Protein chains: 2
Amino acid sequence: MNLKQLSELLHLSQTTVSRALNGYPEVSEATRKRVQAAAQAHGYAPNMRARSLATGRAMSIGHVIPVSSKHEMVNPVFADFIAGAGETYSRNGYDMVLSVVSDDGEEAAYRAFKMKGSVDGIIVHAPRLGDPRIHLLNEIGLPFVVHGRASDAQEPYAWVDVNNTHAFERATRFLLDLGHRRIALVNGLETMDFAIRRRHGFEAALAERGLSADLALISSDEMTEAYGHDTARALLARPDPPTAFLVSSMITAIGVRRAIEELGLVMGRDVSVITHDDELSYFRNGGDTRLYTATRSSVREAGKRSAEMLLDMIHNQTGPQELLLEAELTLGQSTGPTSKET
Amino acid sequence: MNLKQLSELLHLSQTTVSRALNGYPEVSEATRKRVQAAAQAHGYAPNMRARSLATGRAMSIGHVIPVSSKHEMVNPVFADFIAGAGETYSRNGYDMVLSVVSDDGEEAAYRAFKMKGSVDGIIVHAPRLGDPRIHLLNEIGLPFVVHGRASDAQEPYAWVDVNNTHAFERATRFLLDLGHRRIALVNGLETMDFAIRRRHGFEAALAERGLSADLALISSDEMTEAYGHDTARALLARPDPPTAFLVSSMITAIGVRRAIEELGLVMGRDVSVITHDDELSYFRNGGDTRLYTATRSSVREAGKRSAEMLLDMIHNQTGPQELLLEAELTLGQSTGPTSKET
DNA sequence: AGAAGTGCCCAAAGCGCTTTGGATACCAAA
DNA sequence: TTTGGTATCCAAAGCGCTTTGGGCACTTCT
């Protein structure tokens with residue numbers, strides 16, 4: 001059923017039917033009702049491609065999902081981010097189109113979005129330091145929102161981010177207050193902007209107390225479970241093992257915990273752990289009692305906010321907006337004062 | 001830059017330019033080269049919406065991602081599934097469009113895909129027993145591939161699935177061979193087809209040995225970490241605790257392990273655990289030595305295969321195909337013979 | 001009574017592409 | 001020389017929608 005057929009069926013022009021359905025005022029309420037009823041009855045919905053062609057709006061938002069060529073890994077937070085964003089899209093009649101792309105093909109993917117005219121805006125995931133994408137997108141001229149930031153970007157751009165620096169600063173202070181001095185940072189890949197900020201926060205808190213970070217206790221890699229395990233295992237085998245771990249992801253923290261327990265130690269008593277918690281739906285931090293002390297910020301909420309910001313930019317032609325979300329420091333069982341040893 | 005502009009620039013007709021770019025033979029190699037060069041130089045790519053309107057093919061595949069209204073959970077395997085499928089799509093010039101939808105809005109989402117004409121085919125996720133979607137989609141008339149099966153479907157449909165029954169049958173036998181008799185099944189939601197099959201496999205293996213499943217040892221829910229933990233915790237507190245757990249997801253298995261260790265027990269020695277491993281990229285089963293004994297099957301591979309099947313069906317108008325993938329039983333450190341007690 | 005709205009509807013152009021059905025030129029075959 | 005074939009190109013229709021620019025019949029105002 002297309003517009004033409006529907007209009008013939010109703011003995012009306014396509015114009016009128018189209019207007020009736022799209023809520024234009026130049027049509028009487030009586031016929032509007034009639035048209036809507038008929039559309040409903042015959043299951044008519046405008047062909048999006050035709051409509052898009054006519055209006056110039058694609059009514060869809062593009063996400064470029066990078067797949068790490070190293071671990072063939074797709075960041076697990078995407079699922080939740082997308083759930084948050086997707087909800088907003090569908091509420092506003094937008095579709096979400098995903099382009100899964102390995103590290104190298106990224107630029108082409110963004111250009112393709114523009115050239116093929118298949119989206120009205122783009123969400124940029126996982127910005128890196130010196131990320132060329134924000135310049136690229138400004139040049140391309142498609143509205144976009146970055147989930148995260150690119151600290152050294154020269155141009156204005158819209159972003160939604162968690163205050164990573166502050167979060168890890170507070171977490172570090174918290175550990176320091178508990179008496180910890182040898183704190184390991186099990187960070188994400190430090191080509192990623194968020195990881196750099198977390199490290200800065202970590203270092204800033206140490207500096208505040210006149211301490212400086214022990215490079216041997218800092219590691220950086222893709223945040224798998226195995227990475228957490230192997231790193232913690234190695235660090236705990238040192239002559240002067242860390243008494244606390246600051247971990248960049250819940251999944252990695254699982255691995256850290258595994259290493260701790262393999263050594264017969266107890267997390268929260270012998271070794272403290274604070275992790276960042278994205279509130280992934282399948283990984284809620286414990287049940288009633290939280291397992292991990294964590295810097296918490298819902299990535300799903302970030303997805304929702306990013307989508308809203310982008311749609312707002314598209315509809316109101318507004319310039320780049322910025323939104324900084326604060327992470328909560330939530331107490332769990334994974335932290336405690338240092339044991340008596342020195 | 002659009003076709004018209006490009007053709008004027010080349011002093012050719014739109015027809016010729018279009019044909020040159022699309023590889024039709026009615027154009028000399030010389031002009032084809034010239035056209036391709038110009039297209040490249042000016043960054044021309046055909047507008048997908050216009051092309052789709054003209055050809056009737058949307059060049060994109062729809063995925064409906066259900067979000068559990070209960071846990072607001074989006075299944076973590078989607079990310080990897082989509083990574084696998086997405087690669088295949090982009091290699092074939094297809095886009096992937098996602099529709100995130102809560103349990104109730106599903107039917108509308110599929111209908112919308114058809115009516116709006118925005119996709120050429122659909123991948124159906126997480127089929128349930130008595131899933132109305134396969135009938136719906138057959139009625140709608142869009143090619144589709146189900147990731148999983150709906151055991152009681154009355155009509156033919158295309159699917160890609162893991163042999164869940166067989167996998168859990170083997171896993172159960174393996175535990176039985178190790179001497180385990182009180183085996184707990186920590187299953188996924190048994191409205192899901194895969195969970196039902198796994199349970200059948202579990203029960204079949206028990207029946208083979210003249211045993212029958214103890215209902216008290218069987219649980220079923222959405223596969224979060226907390227669910228694994230709480231369930232195992234409760235079961236292990238029984239007067240006759242299970243000596244082994246058969247778990248439906250790696251994430252849930254993490255929770256089971258946590259419960260085991262909280263009680264001062266050691267997984268693999270005091271309590272055995274087998275889990276299903278989807279080979280999620282960020283959750284590779286241990287490093288060199290596998291942590292869990294597992295029934296393993298890559299969900300990413302399943303995504304790839306599903307996408308290939310769907311594209312094949314679309315291009316060659318072939319009827320529904322079927323693909324059953326076998327899961328490997330991989331040995332890890334999480335299983336061992338029963339302890340001496342009874 | 002005539003002018004000026006106003007409410008309701010329509011014909012047709014146009015979005016950017018593909019594809020049908022020629023047109024033209026050239027060459028080999030009859 | 002005529003015919004038929006082949007290689008190369010083009011004009012125009014059409015995909016299904018929105019939107020411009022009226023048209024027509026009533027009211028309402030002067």
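Reader: How much area do domain 2 of chain A and domain 3 of chain A bury between them, and what percentage of it is on carbon and sulfur atoms?

Author: Buried area is the accessible area, taken with a 1.4 Å probe, that two parts lose on being put together, summed over both. In this predicted model, domain 2 of chain A and domain 3 of chain A bury about 1400 Å² between them, and 48% of that lies on carbon and sulfur atoms. On the side of domain 2 of chain A, the residues that lose the most area to domain 3 of chain A are Asp80(A), Arg149(A) and Val299(A), together 27% of what that side buries. Local features need pLDDT of at least 70 and side-chain atom pairs count only at pLDDT 80 or more, while totals for chains, interfaces and linings use all residues, and side-chain values use heavy atoms, with hydrogens and water left out. Residues are numbered from 1 along each chain as its sequence is written, and chains are lettered from A and ligands numbered from 1 in the order in which they are written.

Reader: Into which domains is chain A divided?

Author: Domain bounds come from an automatic or database domain assignment. Chain A is divided into domain 1 (1–39), domain 2 (60–161 + 299–325) and domain 3 (164–297). Contact means heavy atoms within 4.5 Å, and 16 residues from domain 2 of chain A and 17 residues from domain 3 of chain A take part in the contact between these two.

Reader: How many salt bridges are counted between domain 2 of chain A and domain 3 of chain A?

Author: A salt bridge is a side-chain nitrogen of Lys or Arg within 4 Å of a carboxyl oxygen of Asp or Glu. Between domain 2 of chain A and domain 3 of chain A the count is zero, whereas the structure holds 54 salt bridges over all chains.

Reader: How many salt bridges does the rule find across the interface of chain A and chain B, and what area is buried there?

Author: The rule finds two salt bridges across that interface, and the area buried between chain A and chain B is about 4500 Å², of which carbon and sulfur atoms give 59%. In chain A, Arg49(A), Lys116(A) and Tyr282(A) lose the most area to chain B, together 17% of what that side buries. The side chain of Lys116(A) also meets that of Asp95(B) in a salt bridge (3.5 Å, N to O).

Reader: Why does the salt bridge of Asp95(A) and Lys116(B) join two chains?

Author: The side chains of Asp95(A) and Lys116(B) meet at 3.5 Å, N to O. Asp95(A) lies in strand E2 of chain A and Lys116(B) in helix H6 (residues 106–116) of chain B, so the pair joins two chains. Helices (H or I, at least four residues) and strands (E, at least two) are DSSP runs, numbered from the N terminus.

Reader: How many bridges join E2(A) to strand E2 of chain B?

Author: Two strands pair if DSSP finds at least two bridges between them. Three bridges join E2(A) to strand E2 (residues 95–102) of chain B, and the strands run antiparallel; in E2(B), Met96(B) is the bridge partner of Leu98(A).
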